[in-house]
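Visitor: Could you take me through a close look at one part of this model, starting from the surface and moving on to the annotated site?

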Amino acid sequence: MNLLLVIVGAAIGAPLRYLTDRAVQSRHDSVFPWGTITVNVVGCVVLGIVGGAASTASVPHEVQLLVGTGFCGALTTYSTFSYETLRLIEQDAKFFAAANVVTSIVAGLGGAFLGVAIAQAL
């Protein structure tokens, strides 16, 4: 049952990541990977909410598996973030590469803190 919950969450998160990335990237003409940052920050907020709710309330373990492990695991992408940063460096867009690293880390951590704060406020 646990594996099935992770699979269902991932089956929703992975296509949502792709669609969100394409929708965000199509709205601007920049090499900066706004789509990946968007899904990663949203995933950090959602995971923060789930984790925060699990630590302060009685959130079923199944919800953590479905949303935290499955959905957020497939929605967010550290590998794409790393690959896109490498591509920016190869394209001699070093400023965008550094901005991608700093923005992703700061916004991701901020999103996780925000998610936990939201969960604790509810």
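**From surface patch to annotated site**

Guide: Happy to! Valine 8 belongs to helix α1, residues 2–25 (helices are DSSP runs of H or I, at least four residues, numbered from the N terminus). This is a predicted model, where local features need pLDDT of at least 70 and side-chain atom pairs 80 or more, while totals for chains, interfaces and linings use all residues. Numbering starts from 1 along each chain as its sequence is written, and side-chain values use heavy atoms, without hydrogens or water.

Valine 8 is partly exposed because its relative accessibility is 37%, between the limits of under 20% for buried and over 50% for exposed (1.4 Å probe, protein chains only). Together with Met1, Leu3, Leu4, Ile7 and Ile12, Val8 makes a nonpolar surface patch of about 630 Å². Such patches join nonpolar side chains within 5 Å, from residues with over 30% relative accessible area and no salt bridge (Lys or Arg side-chain nitrogen within 4 Å of an Asp or Glu carboxyl oxygen); areas are Shrake-Rupley values.

Now to the annotated site: an unreviewed UniProt entry places a "binding site" at Gly73 and Thr76, though annotations may be inferred rather than shown by experiment. Glycine 73 sits in helix α3, residues 61–75, and is partly exposed because its relative accessible area is 45%. Threonine 76 falls in the loop between α3 and α4 (78–90). Threonine 76 counts as partly exposed because its relative accessibility is 22%. Beyond neighbours within four places in sequence, threonine 76 contacts Arg17, Val39, Asn40, Gly43 and Cys44 (heavy atoms within 4.5 Å).

Conventions
Helix = DSSP H or I, 4+ residues; strand = E, 2+ residues; numbered from the N terminus. Patch = residues over 30% accessible without salt bridge, like charges linked within 9 Å, V, L, I, M, F, W, Y side chains within 5 Å. Areas by Shrake-Rupley, 256 points an atom, 1.4 Å probe, with all protein chains shown as cover.
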